[in-house]
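The sequence and coordinates are shown first, followed by the terms and the findings.

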Amino acid sequence: MEAALRRQEFWSGVRDESPILLGVVPFGLIFGALAITSGLSTAAAQAMSSVVFAGSAQFIAAQLLGADVSGVVVLMVVFVVNLRHALYSASVAPHVAGLGRGWKLLLAYLLTDEAYAVTITHYSSRGDARARHWYFLGAGLTLWTSWQLSTAVGIFIGAQIPRSWPLGFVLPITFIALVVPALRDGASVAAAVMAGALGLLAGGLPYKTGILAAALVGIIVGMLVEGRKK
């Protein structure tokens, strides 16, 4: 009975995550190609998808590394971009509190925007909650596998693109496509506008620290606007 329940939960996670892959796979392809054209080695590009496993942070890191930005600045920017995962973790924590350390580490690694979206909905539903971490595992592994494969294909494509091709415009367009759908309220719009404006104004700062400053100011402005609504 327990084994049947685990299988059911796992494959339900795979099923519910699969439609999201239609939007994930193209970005994996783009990342793989752009990582190579930005100067990363094949191994480094694939390792970034395996170790970092965070799309937006990977795009930013590839761009900064391609511009010879200090490693410290790259780490700080990636940390700020991924701060939202702390909120995801806090939301999921009560549902996985009874699991062992190994399970918690594995699920923490697999926690992404897309996996969180389907998993927290499932955790919030009624029914037998004993094996719902297997649902989380199914959703997370589905996303992880598709991201690794699409990155690998993108790396192959990127290796065929001549370095002389002007692909610098692709990264900004990709970020616009990621950001615009998320601008759903005044706080997010204010954060995006302020961060974008400051990013342009502070673009000449050494070591690309203007990007870090823009991200921090955008977060603060968004929090202030959201606070005023309450």
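## Basis and accessibility

A residue is termed buried under 20% relative accessible area, exposed over 50%, and partly exposed in between, with a 1.4 Å probe and protein chains only. The model is predicted: local features need pLDDT of at least 70, side-chain atom pairs count only at pLDDT 80 or more, and totals for chains, interfaces and linings use all residues. Residues are numbered from 1 along each chain as its sequence is written, and side-chain values use heavy atoms, with hydrogens and water left out.

## Salt bridges

A salt bridge requires a side-chain nitrogen of Lys or Arg within 4 Å of a carboxyl oxygen of Asp or Glu; two are found by this rule. In one of them, Arg 130 pairs with Glu 2, with 2.8 Å between the closest N and O atoms. Arg 130 lies in the loop between H8 and H9 and Glu 2 in helix H1 (residues 2-17), so that distant parts of the chain, 128 residues apart, are linked. Helices are DSSP runs (H or I, at least four residues), numbered from the N terminus. Glu 2 is partly exposed, at 40% relative accessibility.

Asp 16 and Arg 15 form a salt bridge with closest N and O atoms 3.1 Å apart. Asp 16 is partly exposed at 28%, whereas Arg 15 is exposed at 53%.

## Aromatic pairs

Rings of Phe, Tyr and Trp (its six-membered ring) pair if their centres lie within 6.5 Å; planes under 30 degrees apart are stacked, over 60 edge-to-face, and the rest tilted. The structure contains seven aromatic pairs. Among them, Phe 31 and Trp 147 are stacked, at 6.4 Å centre to centre and 20 degrees between the planes. This pair connects helix H2 (residues 21-37), which holds Phe 31, with helix H9 (residues 132-160), which holds Trp 147, across 116 residues. Phe 31 is buried at 0% relative accessible area, and Trp 147 is buried at 6%.

Tyr 88 and Tyr 116 are stacked because their ring centres are 4.5 Å apart and their planes stand at 15 degrees. Tyr 88 belongs to helix H6 (residues 84-96) and Tyr 116 to helix H8 (residues 113-123), so the pair ties together parts 28 residues apart in sequence. Both tyrosines, Tyr 88 and Tyr 116, are buried.

## Surroundings of Phe 31

Phe 27, Phe 31, Phe 59 and Trp 147 make up one aromatic cluster. Beyond neighbours within four places in sequence, the contacts of Phe 31 (heavy atoms within 4.5 Å) include Ala 45, Met 48, Phe 59 and Trp 147.

Notes:
Helix = DSSP H or I, 4+ residues; strand = E, 2+ residues; numbered from the N terminus.
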